[in-house]
Amino acid sequence: MGEEKTGSGHKGQSRRRKAASGGSRILLIVTGVLLAAVAAAAGSAGFFYIHETERYKEAFLPNTRINGIDASGKTVEQVKEEIENEMLGYTLQITGRNSLRENITGEEVGLHTEFDGSLEQILNGQDPSEWVSRLQSGETHEVAAMLAFDEELLARKVDSLKCMEPERMQEAEDAHISEYDSEIMGYTIVPEKSGTVVDRDVLLQAVGEAVCSLTPQMSLRDSGCYQEAAVKADDESLSALAAELNTYTGAVVTHVFGNQKEVLNGDEIHKWLSVENGEVVLDEASVSDYVKNLAEKYNTAYKEKSLKTSYNSTVTISGGNYGWRIDQKKETEAVLAIIRAGEQQTREPEYLQTAASHGENDYGNTYVEINLTAQHLYFYKEGRLVTESDFVSGNASRGWSTPAGAYPLTYKQRNATLKGENYRTPVSYWMPFNGGIGMHDADWRGSFGGSIYKTNGSHGCINLPPAIAQTIYENISAGTPVLCYHLDGTENSKTSRPPAGTSGNADAGQGAGGTAAGRETTAASQDTGGAVPGSESVPTGPEGGQENTPEMQPGNQESVPETVPAGSEGTPGGSDTSDSQGGNPGAGTGSGSSETGGGDAGSDSGELMETASAGSDGGSGENPDVSGGDHMETAPDVETDPISGNDDNQVGPGYDSVVRETEIPIGPGY
């Protein structure tokens, strides 16, 4: 049993050794085969690499392009052959604006090959062993001398193209500013417009390059053959110019004249604009003319005025400077500034002189009405009659008649002195309105009105009973209209006497009744009803159909000094003494009771004023109504004539000046 076991085990071990030995032999065989295969493959790859390296010694490396031709793996001769084949059937198509299509064949321009060794140089310059790396990246070459054309044939062909026909060429237009558009009250930028004018030299060069590279299609626009606009719509300077123009035309100036308006906007402003050297120019002369036209239309100074008198008759008053007067220089400057800033503004013009109303009658409902024919006046304030009275005006027989006309009260002054050659006569209430002509109390007269003025009148002033002068003085202000006129049929030969015991003590509240009580007769018998003539009811203020009376600004004579006597209640500031139309003298403010008031500036226009009687002594104050030049009182520090600059300028009779310690005769007319 044991031996059998032993024999059986031995046999099993022997079989396992045999199996192991067989597997090893198989592995060796497989390994050998694989090694043989690898060796064969390696030998084959090496052979392929070497083979390709040798081939690229005669051919162009992969991814080589020459003048747009794929030369990869091709020999020089093959590339030449391909170029020649493409050249034989070559046609260049030219496209352009307005659907232009034209063709040029290679034969028409004498296209032919010219190989100068450039292909060989490219081939010899490459490294054949780099063929593997060139599989991923390539090279491009441009050779100029492979194709050529006949320049004369090319020029003829280009000149024969339709795009070169003059009638087909349209000039390009630059972007520009539009014409003024009233709908938008401004300007826009008009875009540039493309043209069809071809630059021949550029076209010749572009066609030549396309032919030599066998390019199949060429665009005149893309090739830059068209002459394009020099200024485009996005040009910054053009945009800035349009913006500035629109600033100017965007301005709106609304001038207000009472209930009337004048609107200035781009529809008119654009006519005054121009562009010079890229800059906007605003014609200042045109702006000045516009303001001048406003003045001609709305100025009322020096123009006739219609007055419904207290006699129920309507008169036309000519002469005088009362009314609105635009300061054209200042208003022109203001309008120019508004336009340049592009502002929208509603405004009243700058005025040299204002009036009470922009209505039908610029004098409003506060005024002094002086009937020179009847020698009777009425003073209305805010539509109500304050007082009325006879007066004595300028001596007609001696040529000193008081001029008719509408005037603003220049100023008012208390306690002035009338001075003549041989007298000094104080007055309590001095109210000049026409140069040296004014209203004042005349306590030396025993009667007023009638026909006294014809032979025993003043040198032009309105002589008043003291009570009346006081009433007017206490209710009147600088700038109040004084309306002087003649009215046929109202003559009155009867005179009146001032109320007894009222010299210098008139009651401002007595109105017409206090005046009429002391008169023997009145110059007019009509019942005015205590209101401005022509009004349906007695107004209590501006409600009576009239505007409020503003602080007036009378004009100034050219010869008038710029200051008003101290102690006078003067003209509101703002008068322009340089205005060529002239006006009233004096301006300023001050206490109405000052004893150091300065003098009224006289006019050299020949207007006539108050005189004193012959034989009156200096300061007597009695009968100063016949002869001699009157003067008014001035402040002690005034030592020269405000008109001439002299301190001894004695002139003709009939002129008042204001004097106190220094007497300054300033010409006829007081």
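**Packing and sheet architecture of the predicted model**

The charged end of Lys412 sits over the ring of Tyr473, 4.7 Å from its centre; a charge is taken to sit over a ring if NZ of Lys or CZ of Arg is within 6 Å of the ring centre and within 35 degrees of the ring normal. The charged end of Arg55 is placed likewise over the ring of Tyr56, at 4.6 Å from its centre. The model is predicted, and local features need pLDDT of at least 70, side-chain atom pairs count only at pLDDT 80 or more, and totals for chains, interfaces and linings use all residues. Residues are numbered from 1 along each chain as its sequence is written, and side-chain values use heavy atoms, with hydrogens and water left out.

The largest nonpolar core comprises 48 residues, and those with the most contacts inside it are Leu264, Trp272, Leu282, Leu307 and Ile339. Such a core is a set of buried Ala, Val, Leu, Ile, Met, Phe, Trp, Tyr and Cys residues joined through side-chain atoms within 4.5 Å, where buried means under 20% relative accessible area, exposed over 50% and partly exposed in between (1.4 Å probe, protein chains only). Elements giving two or more residues to this core include helix 6 (236-249), strand 11 (252-257), strand 14 (279-282), helix 8 (284-298), helix 9 (328-341), strand 21 (376-381) and strand 28 (481-485). Helices (H or I, at least four residues) and strands (E, at least two) are DSSP runs, numbered from the N terminus. Helix 8 gives the most to the core, with 6 residues. Beyond residues up to four places away in sequence, Leu307 touches Ser313, Thr314, Val315, Ile317, Tyr363, Tyr367, Glu369, Leu483 and Tyr485, contact being defined as heavy atoms within 4.5 Å. A second, separate core of 39 residues includes Ile83, Val109, Ala210 and Val211.

The structure holds 13 aromatic pairs. Rings of Phe, Tyr and Trp (its six-membered ring) pair if their centres lie within 6.5 Å; planes under 30 degrees apart count as stacked, over 60 as edge-to-face and the rest as tilted. Tyr180 and Tyr187 form an edge-to-face pair, with 5.7 Å from centre to centre and 65° between the planes, and both residues are buried. One aromatic cluster is formed by Tyr311, Tyr363, Tyr367, Tyr378 and Tyr380.

An open sheet of 3 strands has the order 12-11-18, with mixed pairing; two strands pair if DSSP finds at least two bridges between them. Its edge strands are strand 12 (260-264) and strand 18 (344-347), each of which pairs on one side only. The twist averages 15° from one strand to the next; axes are lines fitted to C-alpha atoms, for helices over the stretch in contact, and angles run from 0 to 180 degrees between N-to-C directions. Strands 11 and 18 run parallel and are joined by 4 bridges, and Val253 has Gln345 of strand 18 as its bridge partner. Helix 8 lies across strand 11 and strand 12, running at about 170° to strand 12. Helix 9 lies across strand 11, strand 12 and strand 18, at about 155° to strand 18.

Another open sheet contains 5 strands in the order 22-21-20-28-23, again with mixed pairing. Strand 22 (384-390) and strand 23 (405-408) stand at its edges with a single partner strand each, so one side of each is left without a neighbour in the sheet. Neighbouring strands of this sheet are turned by 15° against each other on average, direction ignored. Strand 20 (residues 367-371) pairs with strand 28 in the parallel sense over 4 bridges, and the bridge partner of Glu369 in strand 28 is Leu483. Strand 23 and strand 28 are paired in the antiparallel sense, also over 4 bridges, with Pro481 of strand 28 as the bridge partner of Pro408. Helix 11 (residues 466-475) lies across strand 21 and strand 22, running at about 150° to strand 22.

In a regular strand the side chains alternate between the two faces of the sheet.

Tyr429 belongs to strand 25 (residues 424-434). Tyr429 counts as buried because its relative accessibility is 4%. Tyr429 and Gln413 are 16 residues apart in sequence and 6.1 Å apart in space, C-alpha to C-alpha.
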